[in-house]
Amino acid sequence: MPDLLLDVKGLETQFKTPDGIVHAVNGVSFGLKEGETLGVVGESGCGKSVTMLSVLGLIASPPGKIAAGEALFFGQDLLTMPAEKLRQVRGAQIAMIFQDPMTSLNPVLTIGRQLEEPLMIHIGMTKNQARDRAAELLSMVGIPNAKDRLNDYPHQYSGGMRQRVMIAMALSCSPQVLIADEPTTALDVTIQAQIMDLVKRLRNELGMAIIWITHDLGVVAGLAQRVLVMYGGFIIEEASVNDLFANPSHPYTIGLIGSLPRVDGKQQGRLYSIEGQPPVLYQKPQSCPFAPRCKWVMERCWKENPALAPISDEHRVACWVDIKTGRTR
Amino acid sequence: MSDNSDVLLKVVDLKMHFPIYRGVFQRQVGAVHAVDGVSFDVKRGETLGLVGESGCGKSTTGRTILQLYKPTAGEIFFEGTNLVTLKREEMRWMRRQMQMIFQDPYASLNPRMTVAEIVGEPLSVHNVAMGKEIQERVAHLLEIVGLNPSFAGRYPHEFSGGQRQRIGVARALALQPSFIICDEPISALDVSIQAQVVNLLEELQEQFNLTYLFIAHDLSMVRHISKRVAVMYLGVIMELANRDDLYLEPLHPYTQALLSAVPIPDPVADQNRKRVILEGDVPSPVNPPSGCRFRTRCPIADKICAESRPEFREVKAGHFVACHLVS
C-alpha cells in the first residue's frame, strides 16, 4: 500500500527484568495514512507507548529488545536504520511530544535556546534565522509576547505553556508525523481543552499525520479519525472513531466504554466494571490475553489467541466471539 | 441554609493561608491563599462532590476539615461540635468518626508494614480492640472490601494499584466512621479499575450509611457518585447545587467552561456541543485577583467583578452561586 506513510508490521518488543522477560509488544501491525490522526488507547502497561518508542528506536537496549518486525517509513525500515540516519529522521520528519513537559525540557537552558537547536541541527539555519523562527513558532502555539519569552527558563512557564513549547519544538522542522504520548494527561481539563484545540488548528494548517497515545477515550473521541485499542501488547480492535464508539466489538472495548461515567449524564446506576487486573506477560500468550477477565470466554479462547480479523470494511477485531449474535466467528 | 437536623458537617467561612517566609530572618513576606472563605454543609448519608482544577484548594479543604492543618479562620462543626476549638486529645477522639482515603495508594501505605498491621493499626492506636480480636476484625474488613483475608500477611508491594486502594479503604473503615473524606481516591488508577473502586465505595455507603466528601478533578466520575456538587476555583467555592441542577444548568461561567472542557467518550455527541475554551492559566494563589477570583479568565467579566467579591448566595432552592452577573 503506497499511500501509507508509516507501515509497521509484526512488531515485537521485550524487556529483560529480574523476574523474567516481559513481552510488552507481541506482534503489532498498523499503518498510518498521510494527514490522518490515529488514536492509540489502552491502560497502563498495554504496550501503547512501547510500540511507538520502538518504532522511533528509543527503547534502551538492554534491557529492551526489538525481537521482530519492521517499521517502514517512506519504504525504509526504521528498525534497522543506522543510528545516525535515524537521528536525522527523528525530530525532523517524525517528531514526538511526551506526557510530562517539565521533564522533557532542559531546566537550565532558555526556551529560546531549546527551540533554536533543532532548527540549526536539522534545517541548518543560522543563529539569527533560528531566533526569528523560534519566536514565530512560539506565537503560533499561542504564547503572547513570544519574542521576550524566548529568554525565559522552563520553570517560568506554566504546565500548559510548557506543553505548548513542546508542541512548537516538535513542529519546528515541519514533520510529516507527530507522535504524541499522553500529552494532556498531566494537565487540567480547561488547559487540556486549549491544547486539543491548538492541535486541531495546527493539524488543519500544517497537514501532518498524528499518532495520539492516550488512556482517555474522551480525548480520542474528540480528536482521532481512526483508533487502535491495545491490550496485553496486542491490538485487539481497530476501527474508525465513529464506528468504534457506535459499534464496539471486542469485549474489552465494550467494557472500557461501559465503565466510563459521562459528564453529559447518559448513564445511571452502578458502573459496568471489568473484574480482575490487566496481565503482566512473562510469556508470549498462546491464549487470548483478555480471556481471564472476559464475560464471553469460551474454550477456544484458552487454546488459541485470535488474530485481528475484519468484521467490516474498516473495522477489525481480535475475538472468537461475535458479541451481538453470541456465535463464534 | 437548611435545617440542621440532617447536617453532619458544617463548614463556615473556612480560610487556610500558608505563610511564605523569606530572607535570613525568615520574615513572613506573604501567604498562599489556598482556601479563602468557603462555606458548605454535608448532609448525613449523602456524597458531596468537591471538584476543581489542580491548586484550587479542594484537597486543602479536606485536610483542614480533619484538622491536619490548623485553619487560619473559620469554623467546622461536626455533629454540632466545633472542631477548630477542640484540644488535641479531644480531636483524636473525634477522628474515630472521620477518616480519609488518599489519592496515591503507593505512597499512603507504609511499605514495611503488612496489610494486617496497616488495617489493624487504627484499632490498636484507638484501643478499640486487642490481640486476637484485631486479627478477626482485620479479616472481616478485608472481606468487606473484596480482598482475600489470607493476604493479611502480605506487604503493599505485592498488590496492584486497585487492590492497594482497597487496603486504604479497609483502613479507613476500621474504626467504623460515619464520615469519610475521599481525596482523589481513583485518579491514580486505570480506567477499568476505577469503576471497581467506585462501585465498592457506593456499596459500602449503602451498607454502613456512610457520608462522603468526594474530592476529585474528574467531573464525569463526580457526577456519577455525588448527590450534590461544589465547584472550587482558586480557594473559593464558585457554585454548589444538586448534581443534576449543576450539570444540566450550570449558572457560573466557570462551571460552564469547566463542563464544556471535559471530553465526552462519544464522537457524535462531542461534535454537537458548545464549547467554551478559557484563555490563560489559573492565577497564583499568593496574589489572587481582586474582586471575583475568576474575572481574569471569565468570558463575561464586567467592571464590578474587579471591584468587589461576589457573595455566595442562594439563587434557587439549594443552588448557590458566587457571581455578580447571575441573576
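**Strands and sheet of chain B**

Tutor: Start with one pair of residues: B:Glu239 faces B:Val321, which belongs to S12(B). This is a predicted model, where local features need pLDDT of at least 70, side-chain atom pairs count only at pLDDT 80 or more, and totals for chains, interfaces and linings use all residues. Residues are numbered from 1 along each chain as its sequence is written, while chains are lettered from A and ligands numbered from 1 in the order in which they are written.

Now the strands around that pair. Strand S10 (residues 236-242) and strand S12 (residues 319-322) of chain B run antiparallel, joined by two bridges. Strands here are DSSP runs of E with at least two residues, helices are runs of H or I with at least four, and both are numbered from the N terminus. Two strands count as paired if DSSP finds at least two bridges between them. Helix H9 (residues 253-261) of chain B packs on the sheet. H9 touches strand S9 (228-233) and S10 of chain B, and its direction makes about 100° with that of S9(B). A contact means that two C-beta atoms, placed from the backbone, lie within 7 Å. For such angles, axes are lines fitted to C-alpha atoms, for helices over the stretch in contact, and the angles run from 0 to 180 degrees between N-to-C directions.

Step back to the whole sheet. What is the order of its strands? In chain B it reads S6-S7-S8-S3-S9-S10-S12-S11. That makes an open sheet of eight strands with mixed pairing. Strand S6 (98-101) and strand S11 (312-316) of chain B stand at the edges. Each has a single partner strand, so one side of each is left without a neighbour in the sheet. From one strand to the next, the twist averages 20°. Strands of a sheet pair through backbone hydrogen bonds, either parallel or antiparallel.

Strand S1 (residues 7-22) of chain B pairs with strand S2 (residues 27-43) in the antiparallel sense, over 13 bridges. Within this pairing, B:Leu14 stands opposite B:Val38 of S2(B). The hairpin of S1(B) and S2(B) has four residues between the strands, and B:Gly23 takes a positive phi near 80° there.

S1(B) has another partner: five bridges join S1(B) to strand S4 (residues 73-78) of chain B, and the two run antiparallel. Here B:Lys10 stands opposite B:Phe77 in S4(B). S4(B) in turn runs antiparallel to strand S5 (residues 81-82) of chain B, with two bridges between them. B:Phe78 stands opposite B:Thr81 in S5(B). In the hairpin of S4(B) and S5(B), two residues lie between the strands, and B:Glu79 has a positive phi near 50°.

One residue inside S1(B) deserves a stop. B:Asp13 lies in that strand. Although B:Asp13 is not a glycine, its phi is positive, about 50°. Most residues other than glycine have a negative phi, and most peptide bonds are trans. The cut-offs are 20 or more other C-beta atoms within 10 Å for buried, 12 or fewer for exposed, and partly exposed in between, with C-beta atoms placed from the backbone.

Chain B has eleven helices and twelve strands. Of its 327 residues, 45% are buried. Its C-alpha trace spans about 65 × 60 × 45 Å along the principal axes. A compact globule of 327 residues would have a radius of gyration near 20 Å, and the 21 Å of chain B agrees with that. This radius is taken over C-alpha atoms, and the globule rule is 2.2 Å times the number of residues to the power 0.38. Take the contacts in chain B with a separation of 6 or more: residues 24 or more positions apart account for 63% of them. Chain B also touches chain A, with 34 residues from chain B and 38 residues from chain A in the contact.
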